[in-house]
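We will begin with the whole chain and then select a few places one after another.

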Amino acid sequence: MKLATLKAGGRDGTLVVVSRDLSLCQRVPAIARTLQAALDDWHTSAPQLEAVYLQLNAAGSAGNISAAEPFLEADCHSPLPRAYQWADGSAYINHVELVRKARGAELPASFYTDPLMYQGGSDRFVGPRDPIAVLDEGWGIDLEAEVAVITGDVPMGVDAAACAGAIRLVMLVNDVSLRNLIPGELAKGFGFFQAKPASAFSPVAVTPDELGAAWHDSKLHLPLQVTLNRHAFGKPNAGDDMTFNFAQLVAHAARTRELAAGTIIGSGTVSNKQGGLHGSSIEHGGVGYCCLAEVRMYETIEQGSPSTPFLRYGDTVRIEMLDNAGASIFGAIEQAVAPYQRSI
């Protein structure tokens, strides 16, 4: 099934069930007012939400929309407007290798057996059509197109097989980075903070079964489509070259702590291994990139310095995933970079 959160209804929005073709939605206050409430009581709420989903799809195909309303992605918040926990991994070792190679550093052997992960800010996400709001464009604004999952309750220390069954929903994310702030923060030896502003998630989150054969081995095996200023920028397959699958990432997060229902775990920047001029750029027949840092790394390796700029005010980013029939699965994250305007 497919679920979304409308911005109406306070900080945590209003949960809606969305039709498979993303044309209709239905509010379900009698089941759960918010997505977090549904996750907290998933074993009870999920079958009820699934029943609404089946009815909604049938109503749409029959032209009977009396119990539904049009679904507008622009009205959506991130599926969880705020979450108890957001932890982002770096499951695509190709991306990590490039980062380190560009600065002349070797990749430790442990990176292939022990996932990288950082704790992101989760008190406030932004909507999929909200701007990337930044105070200073000189901070090196970068997109990071990723896949993410939302878990149920996960006990401490459980193995990956158990964690696979705890994955409730799958969605997309733009995990924005401020690249020029990262070196100074990492040099302190205490991880990211200021370099990681609010993330935006896709309008819709879907249950793994909705993905059919594209979801197996706890990976999503479909291309992640990224456009920059309306030009194709990346289309790497999210299932390829993923060193750690989502079950392993969840198990890593739960090694020393319990995970509460509603925990979000990210894949890190999707990245496929390819060679050639500027790596895997679409212009040269490759699958492109999911972040600007990667093409800048290739340029540094090949030319001695990067030539592609980071994002500027007015630039637009679009992140989407299509099924094998060409239909949007999660809706699109579409954001323009803009100067921050105080709203609180």
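## The whole chain

Of the 344 residues of the chain, 54% count as buried. Keep in mind as you look around that this is a predicted model. With the cartoon on, you can trace 7 helices and 21 strands. The radius of gyration is 20 Å, close to the 20 Å that the globule rule gives for 344 residues, so the chain is as compact as a globular protein of that length.

Among contacts with a separation of 6 or more, 73% come from residues 24 or more positions apart. If you colour by charge, you will find 26 positive and 37 negative side chains. The centres of those two sets lie 4 Å apart.

## Stop one: strand E1

Select residues 2-6, which form strand E1. Is this strand enclosed or open? All 5 of its 5 residues are buried, so E1 is largely enclosed by the rest of the structure. In a regular strand, side chains alternate between the two faces of the sheet. Show the side chains here: Lys2, Ala4 and Leu6 lie on one side, Leu3 and Thr5 lie on the other, and both faces are covered.

- Strand E2, residues 14-18, runs antiparallel to E1 and is joined to it by 5 bridges. Look for Thr5, which stands opposite Leu15 in E2.
- Strand E14, residues 204-206, pairs with E1 in the antiparallel sense over 3 bridges. Here Lys2 faces Val206 as its opposite number.
- Strand E5, residues 76-77, also pairs with E1 in the antiparallel sense, over 2 bridges. Pick out Leu6 and its bridge partner in E5, Cys76.

## Stop two: Gln85

From E5, move along to Gln85, in the loop between E5 and strand E6 (86-89). Is Gln85 buried or exposed? Its relative accessible area is 10%, so Gln85 falls under the 20% cut-off and is buried.

What is Gln85 in contact with, once neighbours within four places in sequence are left aside? Select Gln119, Ser122, Arg257, Leu259, Gly262, Thr263 and Ile264 to display those contacts. For a sense of distance, draw a line from the C-alpha atom of Gln85 to that of Leu54: the two residues are 31 apart along the chain, and the line spans 30 Å.

Most residues other than glycine have a negative phi. The last two selections go the other way.

First comes Asn229, in the loop between strand E17 (225-228) and strand E18 (231-234). Asn229 is not a glycine, yet its phi is positive, at about 55 degrees. With a relative accessible area of 32%, Asn229 is partly exposed.

Then follow the chain to Asp241, in the loop between E18 and helix H6 (246-253). Phi of Asp241 is near 60 degrees, again a positive value in a residue other than glycine. Asp241 counts as partly exposed, at 32% relative accessibility.

Definitions and conventions
Residues numbered from 1 in each chain as written. Predicted model: local features only at pLDDT ≥ 70, side-chain atom pairs only at ≥ 80, totals over all residues. Heavy atoms only, no water. Buried < 20%, exposed > 50% of the residue type's maximum accessible area, 1.4 Å probe, protein only. Helix = DSSP H or I, 4+ residues; strand = E, 2+ residues; numbered from the N terminus. Pairing = 2+ DSSP bridges. Rg over C-alpha atoms; globule rule 2.2 N^0.38 Å. Contact = heavy atoms within 4.5 Å. Lys, Arg positive; Asp, Glu negative; His and termini not counted. Charge placed at Lys NZ, Arg CZ, Asp CG, Glu CD.
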